[in-house]
Amino acid sequence: MDLKQIYQTRWFSWLSTGNPMISDFLFRIRPILAQLAVRVAVLQNSGREFRGPCYNPAGGLQIGVTNACNAACVFCAYRLVKTQSTRKVMTMDMFKRSAFQWRSLGGSHIDFVNAVGEPLLDTGLLDKISYARTVGISTLSLTTNGIRLFQAVPALVTSGLTRIDVSMGDADKCDYAEVFGVNECESVWCGVESLLQHNAEIGNPCVINLRIRSKHRPSLTLRSSRFQRIKHYLSEKVRVSFAAEYDTWGGTIPASDLRGVMRHSRPLPNWKIPCIGLRQPTICTDGRVRMCGCRFAITDEDELVIGNLNEKVTLGVILERTRDLIQRFTSGNRPKICRDCSIYWPMSTKRLLPGTQNGHQVEG
Ligand code: SF4
Ligand code: SF4
């Protein structure tokens, strides 16, 4: 087990949330652990060669069902980015093509998440979840800002989703608005309470992660009356975590935009081991295929976009183009967006296993 795995383990998350004082302490040391963990992982994997296919069916396919959002978080590039497509919702046809082709490649996990965009703004989301299940996608996860959660909850917990992550803010209305850019504190916390209640009533079919982005230390949220109302739902399947640091989105977000204890993570050296992000494909709302779909800089049309599902080629063929990006890493010529990236993580080439899909090897 490496350091990253250790600080992501359940006992660590429990320690982080079980006691306000311990939580604050861990919140302070977490950035140091993260820096240490990535260096250990680099050491473990240096000198190894990347082998195997460019796509990893054992991982998930991220699908951006919409690139529109109803928040304007200070730590996110949504409010600043120049997008190549207008703000819209993915068509059912494009979604079917994405899900079906991913399943054909051996994939069984779809993640409804996008670099920017709020999936609950897609009124056809439940139909998309339902379709994904009919083609054999068994793991379905979603990340939401929770603003529309209250209205969506009963149907969402029985939809077939296996995990719901809520990226949420402070329990105090003014603090929430300062970080998320909208006055939706009440709807988010009510929505979360309703989500936890409905999920618990039917035996917790969804794992729920409450990811709190706060301008304060964790103890303030943990001691708030809003948190006390939901605390009893915490379990192995319902967890809370606090973001300790934030990425700059390729230098797009100035440090002056962050609030309170929020701070940017330190950029990492440009190691030659390819980044794990190159094995995490995203289908953008308009059909573009992008590797590392959780970050871009000032524009979402950059060197990590490797194709478009509107082309007359399959997803498998498009994903093979990642080989060029991997080669650029190993030759010391990273794409611009990847230089000095603070969320870099080296591919674990030692974990390549004999292939189970398409005669290739896959990374576990
Ligand atoms: S972080 Fe999420 S919720 Fe906030 S502006 Fe960006 S896409 Fe919207
Ligand atoms: S280096 Fe950063 S931007 Fe590049 S693939 Fe990795 S995480 Fe994504």
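Biologist: Where does R339 lie?
Modeller: R339 sits in the loop between α12 (322–330) and β10 (352–357). Keep in mind that this is a predicted model.

Biologist: How many C-beta neighbours does R339 have inside 10 Å, and how does R339 count?
Modeller: A residue is buried with 20 or more such neighbours and exposed with 12 or fewer. R339 has 14, so R339 counts as partly exposed.

Biologist: Which residues does R339 touch, leaving out those up to four places away in sequence?
Modeller: R339 touches N270 and R334. Look also at P267, which is 72 residues from R339 along the chain. The C-alpha atoms of R339 and P267 are separated by 8.6 Å.

Biologist: How far apart in space are R148 and E118?
Modeller: Their C-alpha atoms are 9.3 Å apart. In sequence, R148 and E118 are separated by 30 residues.

Biologist: Now helix packing. What describes two packed helices?
Modeller: The angle between their axes and the distance between the axes. Take helix α6 (residues 149–157) and helix α8 (residues 185–201). Their axes come within 8 Å and cross at roughly 15 degrees.

Biologist: What does that angle make of α6 and α8?
Modeller: Angles under 35 degrees count as roughly parallel. α6 and α8 are therefore roughly parallel to each other. The crossing of α6 past α8 is right-handed.

Biologist: Which residues of α6 and α8 meet?
Modeller: From α6 come L149, F150, V153, P154 and V157. From α8 come S187, V188, C190, G191, V192, S194, L195, H198 and N199. By class, this contact has nine nonpolar, five polar and no charged residues.

Biologist: Which residues of α4 and α5 meet?
Modeller: M92, F95, K96 and A99 in α4 meet D127, K128, Y131 and A132 in α5. Five residues of this contact are nonpolar, none is polar and three are charged.

Biologist: On to the ligands. Which residues surround ligand 1?
Modeller: The shell is C69, A71, A72, C73, C76, Y78, V116, G117, E118, N145 and S167. The class counts are seven nonpolar, three polar and one charged. E118 belongs to this shell, and E118 is the residue whose C-alpha atom lies 9.3 Å from that of R148.

Biologist: Which residues are around ligand 2?
Modeller: C275, G277, L278, C292, R295, I337, C338, C341, I343 and Y344. They divide into eight nonpolar, one polar and one charged.

Biologist: Last, the whole chain. How many helices and strands are there?
Modeller: The chain has 12 helices and 11 strands. Of its 364 residues, 40% are buried.

Biologist: What share of the contacts between residues at least 6 apart in sequence join residues at least 24 apart?
Modeller: The share is 77%.

Notes:
Residues numbered from 1 in each chain as written. Chains lettered and ligands numbered in written order. Predicted model: local features only at pLDDT ≥ 70, side-chain atom pairs only at ≥ 80, totals over all residues. Axes fitted to C-alpha atoms, helices over the stretch in contact; angles between N-to-C directions. Helix = DSSP H or I, 4+ residues; strand = E, 2+ residues; numbered from the N terminus. Parallel < 35°, antiparallel > 145°, perpendicular 65-115°, else oblique. Left-handed = near helix turned anticlockwise from the far one by under 90°. Contact = placed C-beta atoms within 7 Å. Nonpolar A, V, L, I, M, F, W, Y, C, P; charged D, E, K, R; others polar. Near = placed C-beta within 6 Å.
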